[in-house]
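The entries follow in the order I made them.

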Amino acid sequence: MSNSVRPNLLGLSPAKLAALFAEMSEQPFRANQLRRWVHQRGVLDFAAMTDMSKPLRERLARETLLEPPQLASRHDSADGCIKWIIGTASGSAVEMVYIAEGARGTLCVSSQAGCALDCSFCATGKQGFDSNLSATEIIGQMWLARRELDSFEGGQGPPVTNVVFMGMGEPLLNFANVMDAIDLLLDDHAYGLSKRRVTISTAGVVPGIARMGGRTDVALAISLHAPNDSLRDELVPLNRKYPIAVLLDAVRGYFAGLGEKREPLIEYTLIRGVNDHRQHARQLAALLRDFPCKINLIPFNEFDEVDYRRPSATSVSNFRNILREHGHVVMVRVTRADEIAAACGQLTGAVRDQTRRRQRHLRRVEGAIPACSI
Ligand code: SAH
């Protein structure tokens, strides 16, 4: 095989790696061994994989690759969050954020360079869309985080216990690659995370939610942000295509198909004077009355390109209290890593100059990952 077609094994799902090994007339358990080296021990050098035969190791080194994405920079926040910027094959930069919370460590990963959905309050959306990340670029974020944190097997660093697709991009618009990466996150020979600790967050790509059923059973978060269609049409333009009732139906369908009692997380970014009135809280409470879920309120994280402001702490807690009085389970996401622009909706990366919107934002914007605190 020539160099240009050597497959990069890092991003191959368990099924795809098994298929490749079958093609090479190798036993399926060899593929499991390889994933343990790569994803559990962080080893990329075939020569070091000593439980595999020398001829196999030499063949893999000749015919395949193990290459993580390029790490461009690292930013540590005072509250213990870490943001990394990663170069993509398309020439853009995306961001991922690690959030330590006691025994829990959450990695917020990106699925696309930029985003096509153009939600009015999201910094990533302002960049426009560049490209889908490959499965290697998605799982590569987990691999790089584990290496950077020194938390591969035997390492002394903090663990990554949860992964949320709440970085740049719309995961359900990069369905196949996101699913391949999820297969590795859940695989016992790779990262072995429980399905409840991996969360896809979507702005409401209804066909994607329908496709998730039968393909995966990970946790699902919905970026709702408004209690009625006219307001949501403004904030999340995708709503014009898939209005709230259709979206909530798709979510019901996904959870009904899981065959066990689980529920979605509803994300609601609170923007001063836009969607944070008491009336909105009451309307939201009514909308979700017979819709089992947890509600996560995210006080808006400010950034340059828009005039939206964060509501006062009082109006955030008023909003929360109204929902609670109606019997809802509500959390307020604590903003973290704001000073390194790593909070929800602040992740921007540096998307290749390729979109019409980019004309308005020629300056390089560093860091476009939602202000994170899960
Ligand atoms: N496209 C997916 C993944 C992004 S998740 C989705 O929309 O769900 C990032 C979360 O942060 C989403 O709920 C998003 O709406 C929210 N968010 C975006 N910009 C924000 C901002 N400036 N302040 C607070 N939250 C924001």
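I counted a salt bridge where a side-chain nitrogen of Lys or Arg lies within 4 Å of a carboxyl oxygen of Asp or Glu. I worked on a predicted model, in which local features need pLDDT of at least 70 and side-chain atom pairs count only at pLDDT 80 or more, while totals for chains, interfaces and linings use all residues. Residues are numbered from 1 along each chain as its sequence is written, and side-chain values use heavy atoms, with hydrogens and water left out.

**Entry: domains**

I looked up the division first. The protein splits into domain 1 (9-63) and domain 2 (71-366), with bounds from an automatic or database domain assignment. I noted 33 Å between the C-alpha centres of domain 1 and domain 2. In contact (heavy atoms within 4.5 Å) are 15 residues from domain 1 and 16 residues from domain 2.

**Entry: interface**

I then took the buried area, that is, the accessible area (1.4 Å probe) that two parts lose on being put together, summed over both. Between domain 1 and domain 2 this comes to about 1,400 Å², with 54% given by carbon and sulfur atoms.

I found three salt bridges between domain 1 and domain 2. I also looked at Arg35 and Asp187, whose side chains form a salt bridge at 2.6 Å, N to O.

For polar contacts I used pairs of N or O atoms within 3.5 Å; within protein, one must be able to donate a hydrogen and the other to accept it, and residues adjacent in sequence count only if both atoms are side-chain atoms. Eleven residue pairs are in polar contact across the interface of domain 1 and domain 2, both residues at pLDDT 80 or more. On the side of domain 1 that touches domain 2, helix 1 (14-23) and helix 2 (28-40) are the elements that give two or more residues. Helix 2 gives the most, with six residues. Helices are DSSP runs (H or I, at least four residues), numbered from the N terminus.

**Entry: ligand**

I listed 21 residues around the ligand, and Ser201, Ser223, His225, Asn301 and Gly345 come nearest; the cut-off is a heavy atom within 4 Å. Ser223 places a polar side-chain atom 2.6 Å from a ligand oxygen atom. Backbone N or O atoms lie 3.0 Å from a ligand nitrogen atom for Phe121 and 2.9 Å from a ligand nitrogen atom for Asn301.

**Entry: salt bridges overall**

I searched the whole structure and found 19 salt bridges. Lys54 pairs with Glu58, their closest N and O atoms 3.7 Å apart. Lys54 and Glu58 are four residues apart in helix 3 (residues 54-63), so about one helical turn separates them.
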